[in-house]
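Let's take a walk through this model, one chain at a time, and look at how the pieces touch. Keep the viewer open and follow along.

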Amino acid sequence: MDIDWAQVFSWMPLLKCFIVGGLICIVGQILIDKTKLTPARILVIFVTTGAILGGLGIYQYLVDFAGAGATVPLTGFGYNLAKGAIEGVKEMGIIGAFTGGVKAAAGGIAAAIFFGYLASLISKPKMKKQ
Amino acid sequence: MGTNKNPLETKEGYQNYVDQKSPNSPIWKNCFNAFWVGGLICTIGQIISNICKQRGFDIATSGTIVSIILIGIAAFLTGLNIFNKIGKFAGAGSLVPITGFANSIVSPAMEYKSEGYVMGVGGKMFTVAGPVLVFGISASILIGIIYMIFNTQSITLV
Amino acid sequence: MKKIGKQTIQFDTPPTILDCASIVGPKEAQGPLAKYFDQTLDDEFWGEKTWEKAESKIIKETVNTLISKSGIAIDEIDCCFAGDLLNQCISSSFGLRELNVPFFGVFGACSTFVESMSLGAICTESFAEHVLCATSSHFCSAEKQFRFPLELGNQRPPTSQWTVTGAGSCILSKSGQGPFITTITPGKIIDMGIKDGNNMGAAMAPAFADTLVTHFLDTGRNPSYYDAIISGDLGYIGKEIVIDILASQGYNIKSNYNDCGVLIFDKAKQDTHAGGSGCGCCGSVFSGYFFKQLQEKKIKKMLLIATGALMNSTSSQQGETIPGIAHAISIEL
């Protein structure tokens, strides 16, 4: 199957994605600089916010508008978990609430664990030069 | 003697004095860097996603492929001791996208290798990212349950 | 030995600082004081497998350098005071386990170097002929224990300090030609409610000011008595704060006051934010730089005040404030 590169690089969706993704990161940066929150706390805030906005159906609008600009930030990870849980409930009721979220995010979680283990096998931490 | 006010008179006074004495982070510069690096990472994700769509994958699978590729890249750069330099420059720009999640799993795995593969790498891998999964997954389960309760009472939420 | 004033100890026969040695890491080797250290390393691991082993090796080799330099045989050393920042002071105890000298492990966070020297000096006034004091810290082991993995892509706030990789050590002797430790002012724990672990200078500054003012009141001295008043590692922000606090209490220390954490790095070039910190900071800067200044008589009277933040990662996660401590010793020719 041939890839239509003009479609892949059509600039309007990419621009929307760039701007929305960048703006979400600015929110994170303001939290870092103004609140002295640790990185772990900021990631938790993002994933939880994403899950709640996803559950309320609000985040879906952002995803429709900006694509990866909304799904790549961790809010998108939360949205994905919430969406998965809701779909799980639709399919199989209460059990789906437990399996749906992790199922939807399984690829990312498994990849992070696997690559993390792999990196620790072959690489060693180094001093920050700066 | 004693021309200036003593900053140590009260704890509140000292905290205010310290806040005013301490330099702030260069927030405009940081936000600018976070914006374009974060935007760029998302755009790379969008391009991957577009290619996936052309190849005939559905949206959910495309999203998973994007996550896996970005996580793989972030893990690779962390292993090469490069990601921390990007993070220092971009701040939230590389932390907030899924790359930051990957980095927060890979970096303790590497750091605690010296304590062995089981308790070090395995045990400490989630010291930074663990809370993300705990809160993310818990929130999703709660949302699923709430959705179910509302739906059985035929109130449509989504 | 007697107590003067509220909390200062004055020696009848002031102990001599016989000799000092220091070893620092690669970043410190790029700093302005590089040429004063006995040895500088090219690599933070120094051929070891872990940061912790590397730190132990640094303190071990610093002590070995000192012993061979000073010409004092190991069995002439009556006891040793040493400490560091790692849990239960493992760098010192692992590094010095083959030394075969009675060992006291001490912890005073970054104030440990002067704390060790104070305790050592007190020993020379009673049973000891020679006492060894040593402290170390390592950027990577400290980051791992107190902050984040090295490879985590986080930003350091501008108030944060950079833990020095290095060690300093000295031998104190009952008799000698000086420089002499003439007085000690041990500090009280002072907590002004600072919680920000990335602003240690501000947390420790009140303790520094308290010890310094007490020292002046107890001894009847004033800032101009000293050629140099040196704090352990308050960094840039702490330095500015204590100048203000002292001014508000009627002491002008602007002209002869400086800080080891400010001196060890080049702020503009090395991106170390608020300056250096850690037990190895005061230890290596005194052992490397100031001891040579005293030997060359460029400084004749100095007051060394090492400051420490008495917290750990559990206490800061539990939202506790950071108590500070500062111990002072006056060193005169």
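**A walk through the chains**

Start with a pair of helices: helix 2 and helix 3 of chain B are oblique to each other. Bear in mind as you look that this is a predicted model. The axes of helix 2 (residues 27-54) and helix 3 (residues 59-79) of chain B come within 9 Å and cross at roughly 135°, and the crossing of helix 2 of chain B past helix 3 of chain B is right-handed. On the helix 2 side of chain B, the contact is made by B:I41, B:G45, B:I48, B:S49, B:C52 and B:K53, and helix 3 of chain B answers with B:S62, B:I65, B:V66, B:I69 and B:L70. Sort the residues of that contact by class and you get 7 nonpolar, 3 polar and 1 charged.

Along the principal axes, the C-alpha atoms of chain A fill a box of roughly 50 × 40 × 40 Å. The radius of gyration of chain A is 18 Å, whereas a compact globule of 130 residues would have one near 14 Å.

Within chain A, have a look at helix 6 and helix 7. Their axes come within 6 Å and cross at roughly 140°, and helix 6 and helix 7 of chain A are therefore oblique to each other. Helix 6 of chain A passes helix 7 of chain A in a right-handed crossing. Helix 6 of chain A brings a set of residues to the contact that includes A:F77, A:L81, A:A85, A:G88 and A:M92, while among those from helix 7 of chain A are A:I95, A:G96, A:G100, A:A104 and A:G108. By class, the residues of this contact between helix 6 and helix 7 of chain A divide into 10 nonpolar, 8 polar and 4 charged.

How do chains A and B meet? The contact takes 75 residues from chain A and 72 residues from chain B. On the chain A side, at least two residues each come from helix 1 (5-8), helix 2 (11-35), helix 3 (39-55), helix 5 (68-71), helix 6 (74-92) and helix 7 (94-122). Helix 7 of chain A gives the most to this side, with 19 residues. The side of chain A that touches chain B is made up of 45 nonpolar, 25 polar and 5 charged residues.

Chain A also touches chain C. Here the contact takes 8 residues from chain A and 11 residues from chain C. The chain C side of it divides into 5 nonpolar, 2 polar and 4 charged residues.

That brings us to chain C itself, with 11 helices and 15 strands. Its radius of gyration is 18 Å, close to the 20 Å that the globule rule gives for 333 residues, so chain C is as compact as a globular protein of that length. The box filled by the C-alpha atoms of chain C, taken along the principal axes, is roughly 55 × 50 × 35 Å.

Chain C comes in two parts as well: domain 1 (2-173) and domain 2 (180-332). The C-alpha centres of these domains of chain C lie 17 Å apart, and their contact takes 59 residues from domain 1 and 59 residues from domain 2 of chain C. If you trace the domain 1 side of chain C, the elements that give two or more residues include strand 3 (16-24), helix 4 (112-124), strand 7 (130-137) and strand 9 (166-173). Helix 4 of chain C provides the largest share of that side, 7 residues. By class, the side of domain 1 of chain C that touches domain 2 of chain C has 28 nonpolar, 25 polar and 6 charged residues.

One last stop, still in chain C. Helix 2 (residues 51-70) and helix 5 of chain C pack at an angle of about 135°, with their axes 8 Å apart. Helix 2 and helix 5 of chain C are therefore oblique to each other, and helix 2 of chain C passes helix 5 of chain C in a left-handed crossing. Here C:W51, C:E52 and C:E55 in helix 2 of chain C meet C:C140, C:S141 and C:K144 in helix 5 of chain C. Those contact residues divide into 2 nonpolar, 1 polar and 3 charged.

Definitions and conventions:
Residues numbered from 1 in each chain as written. Chains lettered and ligands numbered in written order. Predicted model: local features only at pLDDT ≥ 70, side-chain atom pairs only at ≥ 80, totals over all residues. Contact = placed C-beta atoms within 7 Å. Nonpolar A, V, L, I, M, F, W, Y, C, P; charged D, E, K, R; others polar. Axes fitted to C-alpha atoms, helices over the stretch in contact; angles between N-to-C directions. Helix = DSSP H or I, 4+ residues; strand = E, 2+ residues; numbered from the N terminus. Parallel < 35°, antiparallel > 145°, perpendicular 65-115°, else oblique. Left-handed = near helix turned anticlockwise from the far one by under 90°. Rg over C-alpha atoms; globule rule 2.2 N^0.38 Å. Domains from an automatic or database assignment.
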